[in-house]
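Here are my notes from a pass through the model, point by point. Have it open beside you as you read.

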Amino acid sequence: MSLRPLTVLVTACGSPGTAALLRALRANGEREIRLVGTDMSERAIGAHLCDAFHLVTAGEDPAFADDLLAVAQRERVDVVIPQSSFDLQGLADRRDDFGSIRVLVSAPRTIRVSNDKAVCYDELQKLGVPVPRRRLVRGGRGVEAAALELGYPDRPVCFKPLVSSGSRGYRVLDATVDRTRQLLDERPGSVSLRLEEALEILPPEAGPELLVMELATGGERTIDGIADGRRVVLGHPKTRESMRAGLAMYFVTMDDDGLMELADTIVAGLEIEHYFNIQLVGDMVIEVNPRISTIVYQEDLNIPYLGVKRGLGEISDDELRGMRRLVRPARTALRYFDQVEWDP
């Protein structure tokens with residue numbers, strides 16, 4: 001017997017992973033899914049790939065949750081999948097207001113802790129999770145003092161805003177940067193610069209709080225999956241390689257019990273529910289995203305769709321745990337640019 005059709009709303013449907021996510025939700029093999037996309041830009045790719053599309057306010061806007069609830073009610077949505085970190089807090093604070101519409105987001109405290117990098121690192125450190133040494137500062141003089149304290153110029157350091165997404169605001173301070181090579185050989189948008197160049201841009205005292213950190217080194221890995229607030233119910237690690245414009249473009253799944261145990265520790269400590277993504281550089285955890293991220297898809301393991309079924313109570317956590325055996329190590333994903341055409 002076929003399952004009843006669903007309507008799924010995907011926020012921030014201009015995000016880089018949108019096309020693959022929408023394709024996976026449609027190709028679930030069990031039921032018809034009608035897709036509704038929302039974004040703050042009319043140029044979002046989801047406007048062309050979804051069955052319906054609505055412009056909404058930015059995720060940080062106090063009106064965002066009201067906008068999304070109005071769209072969800074109008075479109076008779078069953079499930080909401082937020083894609084952007086900026087969308088999470090407003091939805092978490094109001095998720096009970098959505099009634100029978102399932103919003104796949106963690107509790108408000110989990111989102112506050114995860115989205116604030118300084119608080120998140122402090123919580124992870126209490127859990128015994130390795131994180132970078134860091135200083136919380138404001139203004140250029142604060143950045144300079146923290147960078148020198150953490151070893152600059154003998155070793156590179158980095159900084160980023162407390163709340164960001166997709167590498168926005170992340171910069172590496174490196175005294176050995178070859179500015180001529182950057183100017184002539186690299187594409188615009190390099191994240192590396194010298195401290196004195198950063199100080200020319202940053203206001204001396206004012207501006208947003210910044211987290212200045214030791215630069216983690218080593219291979220990049222992530223753990224993706226679905227959690228129940230206490231442990232991972234389904235997930236796997238993968239490598240994260242070949243960066244472009246701050247986004248990873250190449251992934252290979254891994255079999256690593258140690259990383260899964262680490263993910264269980266973080267999920268339990270931060271009480272993460274539904275989709276999650278944990279990023280490491282070397283042995284250090286540098287990011288915890290309590291939302292869906294880039295997925296390595298398999299024809300027999302559709303994590304986004306399984307998350308939808310779990311949110312609706314159509315599949316149990318025990319059943320999801322039994323699917324861990326389906327994860328295929330060395331499964332590879334390569335992201336690339338595509339395009340659509342239309343006549344106005």
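**Notes on the fold, cores and contacts**

1. Let's start with the sheet. Five strands make up an open sheet with mixed pairing, in the order β6-β10-β7-β8-β9. Its edge strands, β6 (134-138) and β9 (192-193), each pair on one side only. Two strands count as paired when DSSP finds at least two bridges between them; helices (H or I, at least four residues) and strands (E, at least two) are DSSP runs, numbered from the N terminus.

2. Before going further, the ground rules: this is a predicted model, with local features needing pLDDT of at least 70 and side-chain atom pairs counting only at pLDDT 80 or more, while totals for chains, interfaces and linings use all residues. Residues are numbered from 1 along each chain as its sequence is written, and side-chain values use heavy atoms, leaving out hydrogens and water.

3. Helix α7 (residues 139-149) lies across β6, β7 (157-161), β8 (171-173) and β10, and runs at about 165° to β6. For that angle, axes are lines fitted to C-alpha atoms, for helices over the stretch in contact, and angles run from 0 to 180 degrees between N-to-C directions; contact means heavy atoms within 4.5 Å.

4. The largest nonpolar core has 31 residues, and Leu 124, Ile 266, Phe 276 and Val 285 touch the most other members. The elements giving two or more residues to this core are α6 (117-126), β10, β11 (220-228), α10 (257-270), β15 (273-281) and β16 (284-289). Of these, α10 gives the most, with seven residues. A core here is a set of buried Ala, Val, Leu, Ile, Met, Phe, Trp, Tyr and Cys residues joined through side-chain atoms within 4.5 Å. Buried means under 20% relative accessible area, exposed over 50%, and partly exposed in between (1.4 Å probe, protein chains only).

5. Leaving out residues up to four places away in sequence, its contacts include Ile 223, Ile 226, Val 232, Ala 263, Val 267 and Pro 290. There is also a second, separate core of 26 residues, with Leu 25, Leu 104, Ile 295 and Leu 301 among its members.

6. Pro 290 sits in the loop between β16 and α11 and is buried, at 1% relative accessible area. Its C-alpha is 6.9 Å from that of Ser 106, although the two are 184 residues apart along the chain. Beyond neighbours within four places in sequence, Pro 290 contacts Leu 88, Ser 106, Ile 111, Ser 114, Ile 272, Tyr 275 and Phe 276.

7. How many of the residues of helix α11 (residues 303-311) are buried? Nine of the nine, so the helix is largely enclosed by the rest of the structure. Lys 309 and Arg 310 are among those buried residues. Gly 313, with a positive phi near 75°, follows α11.

8. On cysteines, the structure holds zero disulfides (a disulfide being a pair of cysteine sulfur atoms within 2.5 Å). Cys 13 is buried, at 0% relative accessibility.

9. Finally, salt bridges (a side-chain nitrogen of Lys or Arg within 4 Å of a carboxyl oxygen of Asp or Glu). The whole structure has 25 of them. One joins Asp 78 to Arg 4, with the closest N and O atoms 3.3 Å apart. This pair links distant parts of the chain, 74 residues apart: Asp 78 is in the loop between α3 (64-74) and β4 (79-81), and Arg 4 is in the segment before β1. Asp 78 is buried at 16% relative accessibility, whereas Arg 4 is partly exposed at 45%.

10. Another salt bridge joins Arg 95 and Glu 273 (3.6 Å, N to O). Arg 95 is in the loop between α4 (85-94) and β5 (102-103) and Glu 273 is in β15, so the pair ties together parts 178 residues apart in sequence.
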